[in-house]
Amino acid sequence: MLRRPAWQVLRQFVRHESDTVGSLVLERSMNRVQLLGRVGQDPVMRQVEGKNPVTIFSLATNEMWRTGESEVTQGGDISQKTTWHRISVFRPGLRDVTYQYVKKGARLYVEGKIDYGEYTDRNNVRRQATTIIADNVIFLTDSLKEKA
């Protein structure tokens, strides 16, 4: 079996996976996020007049690493960084279940896409916001047991 160089295979894949509209070539792309973490606060549901409601909550993810001598040996200090993510759930069924059952401290797996947007705050200052638009939320802790 003849092996082709990777760049030829990739070029062929892109050419065959592209849609042509007139002279414009639309190539496939991906915007996908997977997060595993803990909820920072109970979700809130917001609705702007004329738009669909949205459930919003924050999710913390932690990154840990060993500093110092070697990652293999037990020497060195452990460092940790927590990153907070703003999660928005628009899908009607998922939005309602998330609002009802997700609680602060719950461990969740969230899949979705990243969205960059702008808004004007109360002081009329233009701000940028990064949001994860969730299309799948998996509960890894039993919220009902945690309430008891």
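Q: Which residue does D121 form a salt bridge with?
A: D121 pairs with R127. The closest N and O atoms are 3.0 Å apart. This is a predicted model.

Q: Is D121 buried or exposed, and why?
A: D121 counts as buried, because its relative accessibility is 18% and the cut-off for buried is under 20%.

Q: And R127, what's its relative accessible area?
A: R127 has 39%, so it is partly exposed.

Q: How many salt bridges turn up in the whole structure?
A: A search of the whole structure gives 5.

Q: What does D135 meet in a salt bridge?
A: The side chain of R32, at 3.1 Å from N to O. D135 sits in strand 8, and R32 is in the loop between strand 2 (24–26) and strand 3 (33–39). They are 103 residues apart, so the pair links distant parts of the chain. D135 is partly exposed at 30% relative accessibility. R32 is partly exposed too, at 42%.

Q: Which residues are linked in a network of salt bridges?
A: R32, E111 and D135.

Q: What about D96, which residue is its partner?
A: R95. Their closest N and O atoms are 3.3 Å apart. R95 is buried, with a relative accessible area of 9%. D96 is partly exposed at 37%.

Q: Switching topic. Which residues make the nonpolar surface patch?
A: L36, I138 and L140. The patch covers about 240 Å².

Q: Where does I138 lie?
A: In strand 8, residues 126–139. I138 has a relative accessible area of 36%, so it counts as partly exposed.

Terms used. Residues are numbered from 1 along each chain as its sequence is written. This is a predicted model: local features need pLDDT of at least 70, side-chain atom pairs count only at pLDDT 80 or more; totals for chains, interfaces and linings use all residues. Side-chain values use heavy atoms; hydrogens and water are left out. Patches are made of residues with over 30% relative accessible area and no salt bridge: like charges are joined within 9 Å, nonpolar side chains (Val, Leu, Ile, Met, Phe, Trp, Tyr) within 5 Å. Accessible areas come from the Shrake-Rupley method with a 1.4 Å probe; for residues, only the protein chains shown count as cover. A salt bridge is a side-chain nitrogen of Lys or Arg within 4 Å of a carboxyl oxygen of Asp or Glu. Helices (H or I, at least four residues) and strands (E, at least two) are DSSP runs, numbered from the N terminus. Buried means under 20% relative accessible area, exposed over 50%, partly exposed in between (1.4 Å probe, protein chains only).
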